[in-house]
Amino acid sequence: MEERYAFLAEWYDPSATLLRRYQLLYYPKDGTVEMFDVKNQRIFLRRTKYDGLHQENLFIGSRVSVFSRQLNLIAYGDQYTANKLGSKKERTLAMIKPDAVTKLGDILQAIHAANLIVTKAKMTRLTENQAADFYVEHQSKPFFSNLVQFVSSGHLVAMELMGDEAISIWRRLLGPTDSTVAQREAQHSVRAQFGTDGVKNAGHGSDSVAAAARELEYFFPSTTGHGLSNTAKYTDCTCCIVKPHAILEGLTGKILNSISAAGFEISALQMFTLDQTNAEEFYEVYKGVVTEYPNMVAELCSGPCLALEICGTNTPKSFRGFCGPNDPGTARHVRPTTLRAIYGKDKVQNAVHCTDLPEDGLLEVQYFFKILDG
Ligand code: CMP
């Protein structure tokens with residue numbers, strides 16, 4: 001029998017203001033999808049080829065886009081799917097320490113190559129007390145005060161990684177705890193490349209399912225209002241959004257590397273999943289001005305996006321130039337080295353949004369880092 005994965009999916013129908021439920025079927029062999037309306041017991045979408053679904057994004061809690069409908073996967077549809085896709089799925093905390101934050105692009109490329117996906121991400125800074133709290137199990141160790149001092153010495157990036165055996169795979173990518181040992185025994189590991197010694201060792205990974213649950217709760221609490229602060233500065237800044245399609249295509253690491261290589265400072269970073277209302281609000285100025293507006297809204301809420309605050313004198317103008325013309329086709333002709341020329345596909349899936357008018361930079365940064373991260 002042909003392999004088939006089944007899910008129960010929910011879609012919020014804005015015109016009827018109700019949640020509709022579908023059985024979503026995905027056939028990995030030919031990348032086709034099929035949907036049934038659960039309540040009305042009828043076919044909603046005949047089996048059709050659709051390139052936007054990828055197996056690694058099919059898990060419970062994920063938001064996927066099928067022909068511009070944002071579906072929340074709320075349950076596996078049968079035991080086969082639960083066993084095949086669910087049984088080895090794990091979540092883990094990946095913490096990029098202050099010595100490796102500027103290498104985040106390279107680290108994200110390694111994460112993508114290992115078939116793990118980033119489901120949450122936030123740049124933050126811990127106080128010494130918070131760092132001591134996080135590492136409380138090591139408080140009697142001789143290296144404790146150095147560790148606390150180092151981890152609270154600058155920005156770090158906390159991420160939730162998800163995938164088959166995510167806990168052990170991320171620890172393998174990190175390499176041995178002591179970076180000098182990593183340099184001898186695992187030369188391509190994160191700690192070998194970006195760490196210095198036992199304390200300055202570039203990253204941290206949870207060592208068990210229980211530790212992952214506790215550590216993820218520390219950085220990404222399930223109750224709202226208890227999260228750690230983001231690092232947005234709100235001065236001389238502009239906003240960049242890595243769009244959902246680029247994240248899905250595994251381009252985040254390359255895009256961050258390009259931004260850093262061009263000399264721009266990423267002063268805040270956070271992953272968000274926008275709903276239709278937020279996306280419409282954020283793109284309000286384009287409504288009635290650009291014909292792509294509805295499709296831009298659909299793209300922005302089709303999955304997680306990564307919001308960045310880019311800081312520096314004259315940044316709004318120079319960063320916009322660096323992103324290139326809106327249309328990647330045009331960009332490839334007139335500005336072939338720009339982000340959109342390299343990573344964009346069309347006017348809607350053009351890899352990144354960036355603030356168009358310098359005076360809107362602060363407002364757009366505030367929309368994500370003050371309002372949505374409230
Ligand atoms: P991490 O994965 O963050 O978990 C605990 C941290 O303690 C570890 O990485 C190191 O930074 C630090 N650590 C563990 N063992 C030693 C050691 N022997 N000497 C110095 N630091 C250590």
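Modeller: Domain bounds here come from an automatic or database domain assignment. The model itself is predicted.

Biologist: Which domains does the assignment give the protein chain?
Modeller: Read along the residue numbers. The domain assignment of the protein chain gives domain 1 (5–86), domain 2 (89–219) and domain 3 (237–372).

Biologist: How far apart do the C-alpha centres of domain 1 and domain 3 lie?
Modeller: Domain 1 covers 5–86, and domain 3 covers 237–372. Their C-alpha centres are separated by 28 Å.

Biologist: How many residues does the contact take from domain 1 and domain 3?
Modeller: Contact here means heavy atoms within 4.5 Å. Domain 3 gives nine residues and domain 1 gives eight.

Biologist: What area is buried between domain 1 and domain 3?
Modeller: The size of an interface is often given as the accessible area lost when the parts come together. Carbon and sulfur atoms give 53% of the area between domain 1 and domain 3. The whole buried area is about 610 Å².

Biologist: Which strand gives the largest share of the side of domain 1 that touches domain 3?
Modeller: By class, that side of domain 1 has one nonpolar, six polar and one charged residues. Its largest share is three residues, and these come from strand β5 (residues 63–66).

Biologist: How many residue pairs are in polar contact across the interface of domain 1 and domain 3?
Modeller: Salt bridges between domain 1 and domain 3 number zero. For polar contact, both residues must be at pLDDT 80 or more. The rule then finds three residue pairs.

Biologist: How many salt bridges does a search of the whole structure find?
Modeller: One of them joins Glu3 and Lys84. The search of the whole structure gives 16 salt bridges.

Biologist: What is the radius of gyration of the protein chain?
Modeller: The chain has 16 helices and 14 strands. For 374 residues the globule rule gives 21 Å, and the chain comes close to that, so it is as compact as a globular protein of that length. Its radius of gyration is 21 Å.

Note on methods:
Residues are numbered from 1 along each chain as its sequence is written. This is a predicted model: local features need pLDDT of at least 70, side-chain atom pairs count only at pLDDT 80 or more; totals for chains, interfaces and linings use all residues. Side-chain values use heavy atoms; hydrogens and water are left out. Buried area is the accessible area (1.4 Å probe) that two parts lose on being put together, summed over both. A salt bridge is a side-chain nitrogen of Lys or Arg within 4 Å of a carboxyl oxygen of Asp or Glu. A polar contact is a pair of N or O atoms within 3.5 Å; within protein, one must be able to donate a hydrogen and the other to accept it, and residues adjacent in sequence count only if both atoms are side-chain atoms. Helices (H or I, at least four residues) and strands (E, at least two) are DSSP runs, numbered from the N terminus. Ala, Val, Leu, Ile, Met, Phe, Trp, Tyr, Cys and Pro count as nonpolar, Asp, Glu, Lys and Arg as charged, and the others, Gly among them, as polar. The radius of gyration is taken over C-alpha atoms; the globule rule is 2.2 Å times the number of residues to the power 0.38.
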